[in-house]
Amino acid sequence: MANVKSKTWDIKMRQKIPSFVETGSCFDATNIDRIKTRPGGHDALPTKPIDESAFSYNKKTARRSPKNFQKKKTGTGGTLAPKPVSDDTPPFPDENVSPKGTIDRKIRFSAFVERPNPPNTEFRRFYERGDLPVQIDHSGVQNRIAWKVSIEQLDFHHYLPIFFDGLREIEEPYAFLAEQGVYDMIQVASQKVLPVIPQLIIPIKTALNTRNKNVIIKVLKVLQALVKCDEKGQNLVGQALVPYYRQILPVLNIFIRKNDNLGDGIDYGQNKRGDLGEIIMATLEQFELHGGNDAFINIKYLVPVYQSILK
């Protein structure tokens with residue numbers, strides 16, 4: 001009987017729903033007062049040792065031996081990728097067989113590292129307290145929000161910043177309620193959005209500073225809908241965002257080159273708009289289209305690689 005070579009197949013598993021320890025069960029309220037972590041903070045990032053000799057006139061040196069220098073046919077050839085210790089993979093490996101040893105060639109820079117995103121949003125606090133007039137409507141194919149009060153009667157100065165603060169939530173049902181609530185409010189009562197723009201900047205900046213890919217994509221989709229909510233009028237919402245580009249665009253400048261390189265492959269999920277680099281470019285284009293005459297020069301100042309789409 002011929003020996004059958006066993007193969008390990010890559011099985012696509014369903015992504016686990018993230019959860020926080022502070023959340024507890026569905027009958028508990030999140031103890032937000034005990035959370036001291038600042039969302040988007042830099043305190044938890046790994047720090048490099050400080051060279052004290054760089055700030056003094058004395059510099060410590062050690063006597064070097066021939067072993068400290070590279071020998072012939074060693075080194076990385078001027079590249080950033082470290083040379084693998086041993087690479088036994090064939091030149092054309094079977095795509096269904098997982099390699100014996102995988103080598104991590106990625107170099108992690110602190111600018112791309114995900115920041116803390118604690119579950120202490122104002123949206124979570126108000127929702128668990130029962131102060132938001134929303135609940136999930138499970139009827140139909142997709143979930144919707146059942147508003148207990150007409151959206152036109154809501155005080156946007158109070159409720160819209162709370163819903164925007166919930167955009168950085170990654171746990172259900174808070175994530176769905178906050179995102180869908182924002183879309184409902186800016187679509188139904190777009191005429192009440194313009195006076196609230198200054199109050200939305202801090203929640204948007206906080207969500208972007210978490211540098212979580214899913215959170216950034218969610219916020220960018222909301223920003224595109226925000227600048228287009230009054231496109232039938234004078235595009236005043238897009239123009240009102242121009243003075244706040246300094247708070248919004250720096251994070252976009254960091255991730256603007258984060259495109260998924262598939263080679264000659266096909267991205268079958270492109271309708272979901274999950275490519276971070278592409279959605280950043282699409283957002284900047286919408287900012288320029290609806291931001292008036294001063295939009296491009298302000299975008300160019302903060303994102304130098306951006307090119308105008310208007311002629």
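Guide: Contact means heavy atoms within 4.5 Å. This is a predicted model, in which local features need pLDDT of at least 70 and side-chain atom pairs count only at pLDDT 80 or more, while totals for chains, interfaces and linings use all residues. Residues are numbered from 1 along each chain as its sequence is written, and side-chain values use heavy atoms, with hydrogens and water left out.

Visitor: With which residues is His290 in contact, apart from its neighbours within four places in sequence?

Guide: They are Val227, Lys228, Glu231, Asn235, Gly238 and Gln239. His290 itself belongs to helix 8, residues 276-290. Helices are DSSP runs (H or I, at least four residues), as are strands (E, at least two), both numbered from the N terminus.

Visitor: What makes His290 buried rather than exposed?

Guide: Buried means under 20% relative accessible area, exposed over 50%, and partly exposed in between (1.4 Å probe, protein chains only). His290 has 8% relative accessibility, so it falls under the 20% limit. Its side chain also reaches the backbone oxygen of Gln286 at 3.0 Å.

Visitor: How do you know whether Gln224 is buried or exposed?

Guide: Gln224 has a relative accessible area of 6%, so by the 20% limit it is buried. Gln224 sits in helix 5. Neighbours within four places in sequence aside, Gln224 is in contact with Arg273, Ile279, Ala282, Thr283 and Gln286.

Visitor: Why is helix 2 described as largely enclosed?

Guide: Helix 2 covers residues 156-165, and eight of its ten residues are buried, so the rest of the structure largely encloses it. The buried residues of helix 2 are Phe156, Tyr159, Leu160, Pro161, Ile162, Phe163, Phe164 and Asp165. They pack against helix 1 (122-129), strand 1 (134-137), strand 2 (144-147), helix 3 (174-188), helix 4 (197-209) and helix 5 (213-227).

Visitor: How many helices and strands does the chain have, and in what order do the elements run?

Guide: The chain has nine helices and two strands. From the N terminus on, the order is α-β-β-α-α-α-α-α-α-α-α. Of its 311 residues, 35% count as buried.

Visitor: How many aromatic pairs does the structure hold?

Guide: It holds seven aromatic pairs. One of them joins Trp147 and Phe163, with 5.8 Å centre to centre and 35 degrees between the planes. Rings of Phe, Tyr and Trp (its six-membered ring) pair if their centres lie within 6.5 Å; planes under 30 degrees apart count as stacked, over 60 as edge-to-face and the rest as tilted. The distance of 5.8 Å is within the limit and 35 degrees is in the remaining range, so this pair is tilted. It links distant parts of the chain: Trp147 is in strand 2 and Phe163 in helix 2, 16 residues apart. Both Trp147 and Phe163 are buried.

Visitor: What makes the pair of Phe296 and Tyr306 tilted?

Guide: The ring centres of Phe296 and Tyr306 are 6.2 Å apart and the planes stand at 50 degrees, so this pair is tilted. Phe296 lies in helix 9 and Tyr306 in the segment after helix 9, so the pair ties together parts that are ten residues apart in sequence. Phe296, at 28%, is partly exposed, whereas Tyr306, at 0%, is buried.

Visitor: Why do the side chains of Glu171 and Arg124 count as a salt bridge?

Guide: A salt bridge is a side-chain nitrogen of Lys or Arg within 4 Å of a carboxyl oxygen of Asp or Glu. The N to O distance between Arg124 and Glu171 is 3.0 Å, so the pair meets the rule. Glu171 is in the loop between helix 2 and helix 3, and Arg124 in helix 1, 47 residues apart. Both Glu171 and Arg124 are buried. The count for the structure is five salt bridges.

Visitor: Which other salt bridge involves Asp137, and what makes Asp137 buried or partly exposed?

Guide: Asp137 meets Arg144 at 3.5 Å, N to O, in a salt bridge. At 23% relative accessibility, Asp137 lies between the 20% and 50% limits, so it is partly exposed.

Notes: A polar contact is a pair of N or O atoms within 3.5 Å; within protein, one must be able to donate a hydrogen and the other to accept it, and residues adjacent in sequence count only if both atoms are side-chain atoms.
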